[in-house]
Amino acid sequence: MKNKYPFPVMTVHWLTFLLVVLAYITGGDPTVHLKSGELHVFAGVSVFLLFFIRIIMISIYKKDLPHNKPMSKYQKTLFLIPVLGWFTLSGLTESYQLFGVNLPLISNSWDVEIIGETHEFLGNFFMVLIGLHALAALIHHYVLKDNVLKSMLYFKK
Ligand code: HEM
Ligand code: HEM
């Protein structure tokens, strides 16, 4: 067991963080808000892809992880939010271009409003989870004075 997360795991962690923040601030109907909507879908799809990359990274570096806890609540929600967003988008439009490339959509007859609201609710709820997660990391660092925050930072020894 090491003191720090391996470089690739840290990079996926902080990249996911940046993309979740981008997805959050650009949140809204991408078929109405075209420019910010494109960023929203880009950030959300990237978070979705990073979800799988993170799982692969974690299994590759299993033995080198400092705190080997399964963070299942983040994992599951990070999967579900983009999937629900994609279902919502599929119900709102027949085709959607992301930077000029057609995003595959599915045809469905579900209630877009309910799926859209669940997507929005989970997006907001997730930010609260992240806030608590970040607060916990800061408490570890400043109150408990242990290695938890440093294990996820590139430079601090
Ligand atoms: C981590 C990823 C994501 C987060 C945190 C997120 C968050 C949000 C939030 C908070 C809203 C509501 C914004 C508002 O109305 O004030 C929203 C709306 C929306 N998002 Fe996402 N989103 C993510 C990924 C995606 C993806 C990947 C897609 C599509 C492929 C998508 C499609 C949509 C659509 C269509 C709406 C409008 C919903 C409606 O008007 O009912 N989102 N998103
Ligand atoms: C979208 C935002 C975030 C998500 C989704 C997220 C998710 C995760 C996940 C899944 C892990 C377990 C390691 C891994 O699988 O990579 C982790 C660990 C960690 N995160 Fe975050 N995180 C976010 C933001 C933050 C922020 C803002 C901070 C600090 C202020 C932070 C500090 C840490 C620390 C210190 C660890 C190591 C904790 C431990 O090993 O017990 N994270 N995070």
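**Iron sites and their helices**

In this predicted model, the iron atom of ligand 1 has H40 (NE2) and H119 (NE2) as its protein donors, lying 2.0 Å from it. Because the 6 donor atoms around the iron atom of ligand 1 subtend angles of 88 to 179°, the arrangement is octahedral. H40 belongs to helix α2 (residues 34-60) and H119 to helix α4, so this pair ties together parts that are 79 residues apart in sequence. Both fall under the 20% limit for buried residues: H40 is buried at 15% relative accessibility, and H119 is buried at 17%.

The iron atom of ligand 2 is coordinated by H13 (NE2) and H133 (NE2), at 2.0 Å. Its site is octahedral, with angles of 87 to 180° among 6 donor atoms. Since H13 sits in helix α1 (residues 7-25) and H133 in helix α4 (residues 112-142), the pair joins parts that are 120 residues apart in sequence. H13 is partly exposed, at 24% relative accessibility, and H133 is likewise partly exposed, with a relative accessible area of 27%.

The helices that carry H13 and H133 also pack against each other: the axes of α1 and α4 are 11 Å apart, at an angle of about 140°. That angle makes α1 oblique to α4. The contact involves H13, V20 and Y24 of α1, together with G123, N124, F126, M127 and H133 of α4. H13 and H133 therefore take part in this helix contact as well as tying α1 to α4 as a pair. In its handedness, the crossing of α1 past α4 is left-handed.

Methods: Residues numbered from 1 in each chain as written. Chains lettered and ligands numbered in written order. Predicted model: local features only at pLDDT ≥ 70, side-chain atom pairs only at ≥ 80, totals over all residues. Heavy atoms only, no water. Donors = N, O, S within 2.8 Å, 3.2 Å for Na, K, Ca; no water. Tetrahedral: all angles 85-135°; square planar, octahedral: opposite > 155°, others 65-115°. Helix = DSSP H or I, 4+ residues; strand = E, 2+ residues; numbered from the N terminus. Buried < 20%, exposed > 50% of the residue type's maximum accessible area, 1.4 Å probe, protein only. Axes fitted to C-alpha atoms, helices over the stretch in contact; angles between N-to-C directions. Parallel < 35°, antiparallel > 145°, perpendicular 65-115°, else oblique. Left-handed = near helix turned anticlockwise from the far one by under 90°. Contact = heavy atoms within 4.5 Å.
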